[in-house]
Amino acid sequence: MFVAKKSLSLALPKGKLLVDSVELLERAGIACREVLADERQLTFELPGHQMRIIVCRPTDIPTFVEYGAADLGFVGKDTIVEQAMDVAELVDLKFGYCRFVVAMPEETLPPRLQDGSFELRDLDRKRVATKFPRVAEQFFSAQGMQVTPIKLHGNIELAPKVGLAEMIVDIVSTGKTLKVNRLAEVAQIFEATSRLIANRVSYRLKHEDIQILAGLLRDVVAGER
Amino acid sequence: MRIAEGLRDLLPEELAFLEEKERSALSLFQAWSYRKVLTTGLEYGECVEPEMTRKGDLYKFFDREGQVLALRPEFTTPIARLVSSRLLPRALDGSMPFRLCYSGDVYRYGSGRYREFRQIGVELIGAAAELADAEVIALSIEMLLCLGLRDFRVSLGHIGVFADLADELVLEEALRKKLEVGLARKDVVGMNSLLASCVLPEKAKELVGLLPSLTGGAEVLERLRAFECFESVRRAAASLRAVYGFLEAFGVQEHVSIDLGILRGFAYYSGTIFEGYIPDVGFPILEGGRYDGLLEGFGQSAPATGFACNLETLLALGGQKPMPKPDAFVYGDSPEKVIRRCQSLRRAGKQVEMAVGPVDASSLLAADYCHDFEFVEPS
């Protein structure tokens with residue numbers, strides 16, 4: 001059984017990914033089902049493992065970890081990329097799969113190229129509504145294009161309908177929301193899953209503990225435990 | 001009244017704490033024969049921009065001639081400029097190497113953390129030997145001890161394990177950049193998928209994939225032996241072994257871990273690199289290493305190594321120093337007499353506070369305000 005030598009703190013995302021997170025930890029031999037019992041409780045001590053679990057908003061996890069308030073965290077790759085925080089990314093945990101896509105209203109789709117993909121050139125200098133302005137900007141500037149990101153905090157699908165933007169960059173898991181709002185994917189930016197991240201000082205000072213835990217999780221994910 | 005984001009004022013207790021730490025570190029540097037210098041607060045843009053990625057971090061201005069000036073973001077480059085342009089041209093035989101130290105505020109327009117902070121550090125310029133690396137690393141450890149820190153770690157790595165290996169393998173620029181970013185960010189996931197899909201000798205893939213987790217003591221240096229078929233790795237490993245060995249003689253080896261995953265933003269590092277960490281602080285307290293190529297850009301080249309410590313990190317841990325109470329508080333009805341009494345006490349070396357208005361002696365007494373209250377009789 002895993003017992004940290006120097007006590008480890010691990011930040012887990014509140015919400016739908018919490019169940020997957022706990023499930024994964026349980027399979028790695030870290031009993032922490034109590035985390036799911038009371039959603040108002042935000043910290044949990046696991047004295048048997050010399051661990052403490054912190055539950056917080058998914059987008060806040062990189063902040064907790066970067067400042068060292070948590071040694072480790074489970075967080076989506078989407079959040080890591082958008083926030084560009086300085087944390088070590090150790091294991092692909094494989095759950096929480098989603099894709100970053102560019103989507104547009106079905107009636108204004110760009111022409112298709114021979115290989116079936118969309119011609120994006122005409123999207124240059126257009127406005128893009130998104131929760132992830134950095135991701136959007138990086139994607140388009142890598143194509144030699146410049147777009148105007150418009151940062152929104154939710155219901156991105158609304159923006160093209162009311163003329164706030166010509167397109168959106170968002171994460172989709174099933175694509176249902178896009179369909180309901182008569183939007184279609186025109187390009188995939190990248191795929192994201194949850195990752196184990198570590199504070200870079202903890203990674204040094206608690207290296208042994210972190211390596212062992214990362215190894216356990218890696219084995220579980222690979223189906224070897 | 002607001003102050004600009006990322007900046008802060010220091011109150012007497014904080015400043016006294018900071019300056020006490022600063023003084024003790026500077027006197028340690030002096031004991032190791034490092035002489036203090038001060039470079040200009042504003043530099044021409046090109047004197048502080050060896051690294052493109054840092055550009056966004058600079059506070060930049062135009063002077064009246066339209067030239068770009070920047071607030072110094074660190075001291076190593078300005079000191080390289082100073083040494084290359086002022087000291088090296090008139091260096092006498094035997095005056096090398098130069099041992100210089102500094103303490104001052106630096107400015108970085110980065111997000112998060114503080115944008116103005118006190119940096120203290122040393123540069124040892126004109127010595128290429130491993131012994132010079134070891135001296136600077138040992139001094140950094142002595143400094144952490146002298147700052148009152150105990151439970152710290154200094155990680156020691158070598159830029160050549162990756163950078164020179166990449167040269168040796170003639171890595172394609174795009175791949176090199178990606179691996180470098182992956183290593184610096186410790187993006188193990190991204191690196192592994194990159195390594196799986198690229199064309200490299202198996203042995204090199206294995207080593208690069210291992211780098212982020214190659215941490216520990218002498219055994220890490222032993223593990224490197226398996227990769228010494230690469231000339232660059234052999235050289236880096238030999239140099240690390242030499243430095244690590246000297247650190248034992250300095251009596252500081254217990255604080256040092258070998259860590260081959262260190263790779264960092266400033267592109268001027270060229271040999272051994274190191275970082276210091278303290279518990280409960282998420283950022284390194286000190287960073288340093290060898291930068292043999294930096295001076296050349298300013299005219300005269302010389303090998304060099306050094307480190308910088310972010311003194312303000314100690315304040316983040318809640319450091320404060322209580323202010324000393326005055327030795328005497330002097331009051332009375334005749335201002336001239338009070339002045340004379342104060343002056344004579346001050347000449348005797350006392351810390352004296354003079355009443356400049358009506359005095360409520362009982363409340364001062366109750367507050368235990370000073371060691372002694374002195375009432376000066378009017379006649």
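**Reading strands, domains and a chain contact**

Cys101(B) stands opposite Val122(B) in strand S6 of chain B.

User: What should I know about the model and its numbering before I read such a pair?

Analyst: This is a predicted model, in which local features need pLDDT of at least 70 and side-chain atom pairs count only at pLDDT 80 or more, while totals for chains, interfaces and linings use all residues. Residues are numbered from 1 along each chain as its sequence is written, and chains are lettered from A and ligands numbered from 1 in the order in which they are written.

User: How many bridges join S5(B) to S6(B), and in which sense do they run, parallel or antiparallel?

Analyst: Strands are DSSP runs of E with at least two residues, helices are runs of H or I with at least four, and both are numbered from the N terminus; two strands pair if DSSP finds at least two bridges between them. Here ten bridges join S5(B) to S6 (residues 116-125) of chain B, and the two run antiparallel. S5 (residues 98-107) of chain B also pairs with S1 (residues 35-36) of chain B, in the parallel sense and over two bridges, with Leu100(B) in S5(B) as the bridge partner of Arg35(B).

User: How are the domains of chain A assigned?

Analyst: Domain bounds come from an automatic or database domain assignment. For chain A that assignment gives domain 1 as 8-96 + 193-221 and domain 2 as 98-191, and their centres, taken over C-alpha atoms, are 31 Å apart. Two residues are in contact if their C-beta atoms, placed from the backbone, lie within 7 Å; by that rule, five residues of domain 1 and six residues of domain 2 of chain A take part in the contact between them.

User: How many residues does each chain give to the contact between A and B?

Analyst: Chain A contributes 17 residues and chain B 19. On the chain A side, S5, helix H7 (202-205) and helix H8 (207-221) each give two or more residues, and the largest share, five residues, comes from S5(A).

User: Which residues of helix H6 in chain B are buried, and what covers them?

Analyst: A residue is buried if 20 or more other C-beta atoms lie within 10 Å of its own, exposed if 12 or fewer, and partly exposed in between, with C-beta atoms placed from the backbone. In H6 (residues 188-197) of chain B, Val188(B), Val189(B), Gly190(B) and Met191(B) are buried. Their cover includes strands S5 (88-92) and S11 (194-198) of chain A, together with helices H5 (173-184) and H7 (202-210) of chain B.
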